[in-house]
Amino acid sequence: MKPLGVGLIGTGYMGKCHALAWNAVKTVFGDVARPRLVHLAEANAELATVRADAFGFEKATADWRRLIADPDVDVVSVTTPNQFHAEMAIAALEAGKHVWCEKPMSPALPDAQRMLKAVEASGRVAIMGYNYIQNPILRHMKTLIDDGAIGAVNHVRAEMDEDFMADPEAPFYWKSERSAGYGALDDFAVHPLSLLWYLFGHVHSVIADMAKPYADRPLKDGGRRAVENHDGANILMRLDNGISAVLMANRAAWGRKGRIALQIYGSKGSILYDQERMNEFELYQADGNTTEQGFRRVLTAPAHAPYGQFIPAPGHGLGFNDLKIIECHELIRAIAGEPFSAIDFKQGLRIEQTVHAMAQSFDQKTWIDVDKGANHL
């Protein structure tokens, strides 16, 4: 396959992460053509030029539509704030480009549905930026679960906590706007939902509660503005395969930096995992002598593919950006028509439907079947 021409829209935290991945994927994996970094778009022309030079892109623009119209661009990374994802992704697909879009698809469910229709009409590849599922340790956990190492799974607890919104006097910014979505649910809880999908399949039904710890936040120029969405959520769930599950998410949890914790309980053992210690998990198997039973820690190693593509020695550890490189490699495989492991727009839409069903459950104070959930924005 010829080298892909890459366009990048947005140069914040996730934009830089995508740029690092596009720059490194050939070096790490070696089995793909080195992508050509063609065009970068940022809202400010001067910033676009600076970032294009720093990230290694040939051209810069303050108009993302010019990037999408560029015939040298084959695939577009969309890393802008949530409310712009749909318009940009749909425009890219209609222009015949492949798409790598950061989560969530869109704050509005109809827009997410239009995104899926656009990819189906285009015949192109479109995946979501759920890179946590690319962790080699998660892949091994899935193998253990599928092979019955802990028996039949009967209960899962998932938690996601960070403290970037824990300070009540932190300035108001776009993530607290209603236009950005529900808050903890679609900005945040979609990540543990992606892990649940990867390990067990989709969610069937939910009942949810949401919390708003701070009613307003200060504005940089003075005054205060009401917080328009929720920073916390607690959800009881039943998965499609009948497994009971609990999901808790909190963007205002002091001391938590990047916690996505899983507790997986089966008929013959348990698995514990925490994203803050992303290169290990704990395994308990209820066999052998009871006097020696207990959790044992498993560290990532070259035996857990594709860890060995990065590091030849066990226990040294991968990082967040490395997972993005793996995701980039999966995208290139998908574009080449090869088997791949990533969340495409069809699976991404089901995650969006789950989030909207949770919000509907909160409004109606009742259980909601995900397939019957309605749009709430």
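This is a predicted model: local features need pLDDT of at least 70, side-chain atom pairs count only at pLDDT 80 or more; totals for chains, interfaces and linings use all residues.

User: Start with the big picture then: what is the strand order in the open sheet of nine strands?

Analyst: The order is β16-β15-β14-β13-β7-β12-β11-β8-β17, and the pairing in this sheet is mixed. The edge strands are β16 (296-299) and β17 (368-369), each of which pairs on one side only.

User: And β7, is that one buried or exposed?

Analyst: Strand β7, which covers residues 153-161, has seven of its nine residues buried, so the rest of the structure largely encloses it.

User: Which way do β13 and β12 run against β7, parallel or antiparallel?

Analyst: One of each: β13 (residues 259-266) pairs with β7 in the antiparallel sense over eight bridges, whereas β12 (residues 244-250) pairs with β7 in the parallel sense over seven bridges.

User: Which strands does helix α10 touch?

Analyst: Helix α10, residues 345-364, packs on the sheet and touches β8, β11, β12 and β17, with its direction at about 55° to that of β8. Helix α6 (residues 136-146) lies across β7, β13, β14 (269-274), β15 (280-285) and β16, and runs at about 15° to β15.

User: What about β2 and β3, parallel or antiparallel?

Analyst: Those two pair in the parallel sense, over three bridges, with β3 covering residues 59-61, and leucine 40 stands opposite alanine 60 in β3. Here the chain crosses from β2 to β3 through helix α2 (residues 45-55), and the crossover is again a right-handed β-α-β one.

User: On to electrostatics: how many salt bridges does the structure hold?

Analyst: The structure holds 29 salt bridges. One of them is between the side chains of arginine 225 and glutamate 177, at 3.6 Å from N to O. This pair links distant parts of the chain, 48 residues apart, with arginine 225 in strand β10 (residues 224-226) and glutamate 177 in the loop between β7 and α7 (184-200). With a relative accessible area of 30%, arginine 225 is partly exposed.

User: And aspartate 187 and arginine 251, are they buried or exposed?

Analyst: Both aspartate 187 and arginine 251 are buried, and their side chains meet in a salt bridge at 3.0 Å, N to O. Aspartate 187 belongs to helix α7 while arginine 251 sits in the loop between β12 and β13, so that pair also links distant parts of the chain, 64 residues apart.

User: What does aspartate 216 form a salt bridge with?

Analyst: Its partner is arginine 224, and the closest N and O atoms are 2.8 Å apart. Aspartate 216 counts as partly exposed at 30% relative accessibility, and arginine 224 is partly exposed too, at 41%. Elsewhere, salt bridges that share partners join Arg36, Glu58, Lys59, Asp70 and Asp72 into one network.

User: Last topic, how many disulfides turn up?

Analyst: A search of the whole structure finds zero disulfides. For cysteine 17 the nearest cysteine sulfur belongs to cysteine 328, at 10 Å, and cysteine 17 is buried with a relative accessible area of 2%. For cysteine 101 the nearest cysteine sulfur is that of cysteine 17, at 14 Å, and cysteine 101 is buried as well, with a relative accessible area of 0%.

Notes:
Residues are numbered from 1 along each chain as its sequence is written. Side-chain values use heavy atoms; hydrogens and water are left out. Buried means under 20% relative accessible area, exposed over 50%, partly exposed in between (1.4 Å probe, protein chains only). Helices (H or I, at least four residues) and strands (E, at least two) are DSSP runs, numbered from the N terminus. Two strands pair if DSSP finds at least two bridges between them. A salt bridge is a side-chain nitrogen of Lys or Arg within 4 Å of a carboxyl oxygen of Asp or Glu. A disulfide is a pair of cysteine sulfur atoms within 2.5 Å. A crossover is right-handed if, with the strands pointing away from the viewer, the path from the first strand over the helix to the second runs clockwise. Contact means heavy atoms within 4.5 Å. Axes are lines fitted to C-alpha atoms, for helices over the stretch in contact, and angles run from 0 to 180 degrees between N-to-C directions.
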